[in-house]
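Please take me through this model in the viewer, one selection at a time. I want to know what to pick next and what is found there.

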Amino acid sequence: MKLTDLEIFVVGNRPPGWGGRYFIFVKLTTDNGIVGYGEVYAAAVGPEAMCAVIKDVFERHMMGENVENIELMFRRAYSSGFTQRPDPTTIGAFSGMEIACWDILGKAHDRPVYALMGGLMNERIRSYTYLYPMEHHEITAFWSSPEMAAESAKAAVDQGFTAVKFDPAGPYTMRGGHMPAMGDIAQSVAFCKAIREAVGDKADLLFGTHGQFSTAGAIRLGQALEPYSPLWFEEPIPPDNIEEMAKVARAVRIPVATGERLVSKAEFAPVLRSGAATILQPALGRSGGILETKKIAAIAEVYNAQMAPHLYAGPVEWAANIQLAANIPNLLMAETIQTGGAFHLDLIKHTIQWDNGYIVAPTAPGLGIEFDEDLARANPWTGEGLHLEMQEAAPRYDQANAFAGGAPPVED
């Protein structure tokens with residue numbers, strides 16, 4: 001089976017926009033007519049430029065190759081242009097197409113992907129959700145309201161979730177790590193207190209930050225949250241400074257998690273060696289794909305670390321995450337788009353089953369999904385914004401810092 005054709009879908013997400021402003025899906029076809037789908041989670045450049053990268057990687061490194069030769073194709077992309085180092089754009093492009101290759105292989109053998117990677121380890125996969133506004137909540141006010149967050153957390157627990165994630169600690173800026181304002185720390189503590197009171201011991205609290213703090217600032221914040229026993233402190237400082245993150249991990253009695261912005265085992269291994277994190281959160285549409293992330297999971301096993309695949313993207317990456325999660329022994333949990341709205345699930349024709357807080361491991365061939373090409377084509381992305389964007393303005397210390405909640409729709 002040789003790869004012959006590529007099609008790319010840049011799909012605009014529907015309001016309220018949870019999961020990002022758009023999704024980039026790829027469709028690969030073989031010379032015997034088998035089709036596979038994948039998703040690219042790499043958006044440092046706009047969709048038009050990203051599509052050009054995807055096309056170049058396919059034509060240069062994958063077209064005409066036997067779909068089974070995933071390792072060979074990865075090494076070509078990883079080494080492209082004499083680089084031989086992780087590149088989030090190039091490897092992101094490859095990651096989405098690598099996922100599609102596994103979808104093809106599963107369909108060719110009439111088996112789910114995990115069956116080709118060592119078999120089924122986890123029939124039920126613990127899942128978690130971000131806290132999003134409920135229908136009666138005012139969206140802008142939600143992000144700074146511990147009371148609304150607690151209400152959403154209680155509703156999530158009632159749905160069956162045993163872990164909820166929230167990130168009330170202020171803005172993500174392009175300026176790198178900053179010292180949190182006292183108001184940011186106070187608000188973070190208030191969120192943890194209100195949510196813990198609402199859910200008791202029925203759910204873990206997952207405290208999200210996205211690399212926005214200085215080392216000292218992350219330590220101050222983390223120590224203030226310790227009484228509420230969060231399960232993790234996510235990416236407390238910028239992800240490129242591993243030794244400084246290790247200082248945070250040593251100073252705070254909350255497990256550190258990181259990984260959504262890391263690429264390949266080359267970037268994850270130093271995190272484990274340095275003790276910077278004990279929970280890894282690879283995004284399979286960026287980290288290198290399914291096989292590379294299985295290697296990351298295997299390295300994590302050696303360090304007694306756990307995996308929690310990240311998802312702030314569309315449902316095809318979710319499907320890939322689930323295949324990996326079903327297979328690995330050191331799974332902690334997987335992020336889910338259960339609360340992302342009907343559009344996410346409509347794109348895969350509701351083919352993934354979610355049961356009382358757990359994802360049921362699919363048994364259908366390949367990724368176990370049916371991708372709705374007509375729906376994808378009917379919702380093209382026409383905006384100018386990136387999938388996610390950071391704030392340029394510096395954080396404030398004289399007034400509250402506002403956070404808009406991921407990537408809401410914008411006027412472009």
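Select residues 182-199, helix α6 of this predicted model.

Now colour the buried positions of α6: Asp184, Ile185, Ser188, Phe191, Cys192, Ala194, Ile195, Arg196 and Val199. What do these buried residues pack against? Show α4 (139-142), α5 (146-159) and β5 (163-166) on the one hand, and β6 (204-208) and α7 (215-225) on the other; the buried residues of α6 pack against each of these elements.

Step past the end of the helix to glycine 200, which follows α6 and has a positive phi, near 60 degrees.

Next, turn to the aromatic rings. How many aromatic pairs does a search of the whole structure find? The search gives 16. For one of them, select phenylalanine 9 and phenylalanine 371: the pair is edge-to-face, with 5.5 Å from centre to centre and 65 degrees between the planes. It links distant parts of the chain, 362 residues apart. Phenylalanine 9 is in strand β1 (residues 3-12), while phenylalanine 371 is in the loop between β13 (358-360) and α14 (373-377). Both phenylalanine 9 and phenylalanine 371 are buried.

Finally, select arginine 124 and tyrosine 358. Arginine 124 lies over the face of the tyrosine 358 ring, 4.4 Å from the ring centre.

Definitions and conventions: Residues are numbered from 1 along each chain as its sequence is written. This is a predicted model: local features need pLDDT of at least 70, side-chain atom pairs count only at pLDDT 80 or more; totals for chains, interfaces and linings use all residues. Side-chain values use heavy atoms; hydrogens and water are left out. Helices (H or I, at least four residues) and strands (E, at least two) are DSSP runs, numbered from the N terminus. The expected span of a helix is 1.5 Å times one less than its number of residues. Buried means under 20% relative accessible area, exposed over 50%, partly exposed in between (1.4 Å probe, protein chains only). Contact means heavy atoms within 4.5 Å. Rings of Phe, Tyr and Trp (its six-membered ring) pair if their centres lie within 6.5 Å; planes under 30 degrees apart count as stacked, over 60 as edge-to-face and the rest as tilted. A charge sits over a ring if NZ of Lys or CZ of Arg is within 6 Å of the ring centre and within 35 degrees of the ring normal.
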